[in-house]
Amino acid sequence: MPLSRGPSPLRPPILGTTPSHRRFEALSPVDSELHPVIHAGRVAVITGAASGIGRAAAFEFAKAGLKIALADVTAEALEKTGKEIAAIIGEGNVLVIPTDVSKMDEVVRLRDKVYEAWGEVAVLMNNAAISRPSHSWQNTENWSRVFEVNVFGVINVQHTFVPSMLHQENPAMVITTGSKQGITNPPGNPAYNASKAAVKSLTEGLAHDLRQRPGCAVSAHLFIPGWTFTGITGRSAGSAKPAGAWTAEEAVLYMLDHVRQGDFYILCPDNETRREVDQLRVMWAAGDVAEGRPALSRWHAEWKNLFQEYMRDGLAELS
Ligand SMILES: NC(=O)c1ccc[n+]([C@@H]2O[C@H](COP(=O)([O-])OP(=O)(O)OC[C@H]3O[C@@H](n4cnc5c(N)ncnc54)[C@H](O)[C@@H]3O)[C@@H](O)[C@H]2O)c1
């Protein structure tokens, strides 16, 4: 029997049912007057703040007038970021706290220092991560380190900060950085993919647990960047941004727009992959399970033509 891609190129039409897509019009700087959490005088804690997306987020929060605690494992780069942020909001409004998120005692120390200084956390950006080469049956060292940082780092930060944030009166949010690789699972780096799949799962769990709590003023958000030109994707001094990638600033502005609108899933495009392409890829990946296709059929020799046909039809329907 010939293979069939099944009845579900798209159901129902996606564009009309995706409020965040309709609402988003342009990248815009954060307006500190508009949001009760992203607001001048409140406090942001960012892990992975010395580079890339975390660093860009620190600049945007600083421009909005938040006090900022910067945490990262690379002390020197963190110090430099701290000085630049202090030039925007003043030294008294910046804490530079070298922290390895995979070590619980260091995360506890981070929390204690922030609460000692400012008594609250409005935005917890649980963002630090690494990527190491991996293979399905080789190199357990890399698998361990990736899980220690990307999964247990996120768990350590969440478990340490959320109980304190729950006791604050003012609204607060946890933004956790996931990845499309944790959703569509492209071949090539199974350890990173699996770690980001865990991050998606545990952040969905966090969102549910928070909203089940009567009167809870803390929300959770899963930030899913597109291809962003940062350390993890090979940015180094003097290297040029590939045309297809977004800058970290673009990704952060997109994230902030959607967080302000209350979105949980913040699926970020880039110059190569527009939102509709991501939507179709996510639906196809879910279709592998729902329709009983082989694992990762998108890359399967006998299925990839059907996937391409599905993308062509889907995009024609959406445009
Ligand atoms: N850049 C992309 O295209 C992309 C795409 C999807 C998801 N992401 C995610 O975005 C987040 C930010 O990454 P980025 O792209 O800015 O990369 P980056 O490498 O520029 O920044 C990551 C930062 O995390 C820090 N870090 C690493 N291990 C740490 C630890 N144990 N404790 C504390 N800090 C640690 C690094 O020192 C670095 O400063 C990550 O969660 C990453 O997985 C990035």
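**Helix packing, domains and the ligand shell**

Good morning. I begin with helix H2 and helix H3, the latter covering residues 75–89, which pack at an angle of about 15 degrees with their axes 9 Å apart. Please note that the structure before you is a predicted model. Angles under 35 degrees count as roughly parallel, and H2 and H3 are therefore roughly parallel to each other. Their crossing is right-handed.

Which residues of H2 and H3 meet? From H2 there are Arg55, Ala58, Phe59, Ala62 and Lys63, and from H3 there are Thr81, Ile85, Ile88 and Ile89. Sorted by class, this contact of H2 with H3 holds six nonpolar residues, one polar residue and two charged residues.

H2 also takes us to the ligand. The ligand is surrounded by 30 residues, and the closest of them are Gly48, Gly52, Ala129, Thr230 and Gly231. Which helices each supply at least two residues of the shell around the ligand? They are H2, which spans 52–63, and H5. With three residues, H2 gives the most to this shell. The shell around the ligand comprises twelve nonpolar, 16 polar and two charged residues.

Let us now turn to H5 and its neighbour. Helix H5 runs over residues 140–166 and helix H7 over residues 190–212. The two pack at an angle of about 15 degrees, and their axes are 9 Å apart. That angle makes H5 roughly parallel to H7. The crossing of H5 and H7 is right-handed. On the H5 side, the contact is made by Asn142, Trp143, Val146, Phe147, Asn150, Val151, Val154, Ile155 and Gln158. On the H7 side, the residues are Ala191, Tyr192, Ser195, Lys196, Ala198, Val199, Leu202 and Leu206. By class, the contact of H5 with H7 has twelve nonpolar residues, four polar residues and one charged residue.

A third pair follows. Helix H9, residues 275–291, packs with helix H10, residues 304–318, at an angle of about 135 degrees, and their axes lie 10 Å apart. How are H9 and H10 oriented to each other? H9 and H10 are oblique to each other. H9 passes H10 in a right-handed crossing. Glu276, Leu280 and Trp284 of H9 make the contact with Phe307, Tyr310, Met311, Gly314, Leu315 and Leu318 of H10. This contact of H9 with H10 divides into seven nonpolar residues, one polar residue and one charged residue.

Finally, I come to the domains. The domain assignment of the protein chain gives domain 1, made of 1–15 + 275–319, and domain 2, made of 25–260. How far apart do the C-alpha centres of domain 1 and domain 2 lie? The C-alpha centres of the two domains are 31 Å apart. Where the domains touch, six residues of domain 1 are in contact with five residues of domain 2. On the side of domain 1 that touches domain 2, four residues are nonpolar, none is polar and two are charged.

Thank you for your attention.

Note on methods. Residues are numbered from 1 along each chain as its sequence is written. This is a predicted model: local features need pLDDT of at least 70, side-chain atom pairs count only at pLDDT 80 or more; totals for chains, interfaces and linings use all residues. Domain bounds come from an automatic or database domain assignment. Two residues are in contact if their C-beta atoms, placed from the backbone, lie within 7 Å. Ala, Val, Leu, Ile, Met, Phe, Trp, Tyr, Cys and Pro count as nonpolar, Asp, Glu, Lys and Arg as charged, and the others, Gly among them, as polar. Axes are lines fitted to C-alpha atoms, for helices over the stretch in contact, and angles run from 0 to 180 degrees between N-to-C directions. Helices (H or I, at least four residues) and strands (E, at least two) are DSSP runs, numbered from the N terminus. Angles under 35 degrees count as roughly parallel, over 145 as roughly antiparallel, 65 to 115 as roughly perpendicular and the rest as oblique. A crossing is left-handed if the near helix is turned anticlockwise from the far one by less than a right angle, and right-handed if clockwise. A residue is near a molecule or strand if its C-beta atom, placed from the backbone, lies within 6 Å of it.
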